[in-house]
Amino acid sequence: MNKKNSVFIATSLDGYIADKNGGIDWLHSIPNPDQDDMGYVEFNHGIDALVMGRTTFETVLRFDVEWPYDKPVYVLSNTLKEIPKSHEGKAFLVKGTLTEILNQIHEKGLYRLYIDGGTTIRNFLKEDLIDEMVITTIPILLGGGSSLFAELPNELKFELIGAQTYLNQITQNHYKRKK
Ligand SMILES: NC(=O)c1ccc[n+]([C@@H]2O[C@H](COP(=O)([O-])OP(=O)(O)OC[C@H]3O[C@@H](n4cnc5c(N)ncnc54)[C@H](OP(=O)(O)O)[C@@H]3O)[C@@H](O)[C@H]2O)c1
């Protein structure tokens with residue numbers, strides 16, 4: 001089985017994934033009356049597990065909705081002591097270097113991974129461990145917040161392998177790492 005680390009994330013026009021207050025309400029600023037999933041369901045079919053930063057995990061917990069994932073979620077954290085009882089068996093705490101973490105997950109037969117969370121994605125990119133990125137751009141300038149990208153030790157080339165428009169407003173680009 002081929003190993004693959006994928007990003008599927010939405011950003012503002014100015015490249016933020018959360019606003020100045022850490023909020024993500026703006027993700028829903030374009031009316032979506034038919035609940036178009038914008039490719040998420042198909043993307044989700046193609047993954048075995050998620051690897052998520054602690055901040056994103058806690059954000060999802062705060063949503064107060066049913067747990068939205070049907071795949072195991074590996075939560076990266078050096079500070080969380082345990083996964084809340086309510087999510088035992090669904091989410092699992094992992095720590096270590098990214099290579100150690102990936103090895104632990106691959107040993108379970110999970111190879112196609114959805115990498116989520118700003119710091120987490122940036123850490124993976126720093127080590128050139130992202131194979132594809134699906135980036136959905138919402139037409140809003142937030143003027144500040146958490147950037148998706150930051151400085152990298154080296155440039156990384158990506159190839160555009162698909163582009164879509166949703167709701168006549170939202171663009172989605174699918175990039176594959178070009179080595
Ligand atoms: N726009 C979107 O589609 C989208 C998607 C996802 C998230 N978001 C938003 O983006 C923000 C994400 O926050 P964030 O940038 O703080 O990122 P994050 O990646 O969700 O969480 C960062 C935390 O993950 C842990 N971590 C990361 N790498 C680790 C490693 N190698 N080993 C151990 N722990 C590691 C650390 O937790 P400890 O401090 O516990 O050690 C770190 O503080 C949230 O506001 C979220 O709602 C937006």
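Helices here are DSSP runs of H or I with at least four residues, strands are E runs of at least two, and both are numbered from the N terminus.

A note on what I'm looking at: this is a predicted model, where local features need pLDDT of at least 70, side-chain atom pairs count only at pLDDT 80 or more, and totals for chains, interfaces and linings use all residues. Residues are numbered from 1 along each chain as its sequence is written.

Back to the shell. I found 26 residues around the ligand, with Gly53, Thr55, Thr56, Gly117 and Gly118 coming nearest; near means a C-beta atom, placed from the backbone, within 6 Å. By class I get nine nonpolar, 14 polar and three charged residues. Nonpolar covers Ala, Val, Leu, Ile, Met, Phe, Trp, Tyr, Cys and Pro, charged is Asp, Glu, Lys and Arg, and the others, Gly among them, are polar.

Next I followed E1 into the sheet. E1 pairs parallel with strand E7 (residues 132–138) over seven bridges; pairing takes at least two DSSP bridges. Thr11 sits opposite Thr137 of E7. E7 also runs antiparallel to strand E10 (residues 170–177), joined by six bridges, and there Thr137 has Thr171 as its bridge partner.

The order from the N terminus is β-β-α-β-α-β-β-α-β-α-β-β-β-β.
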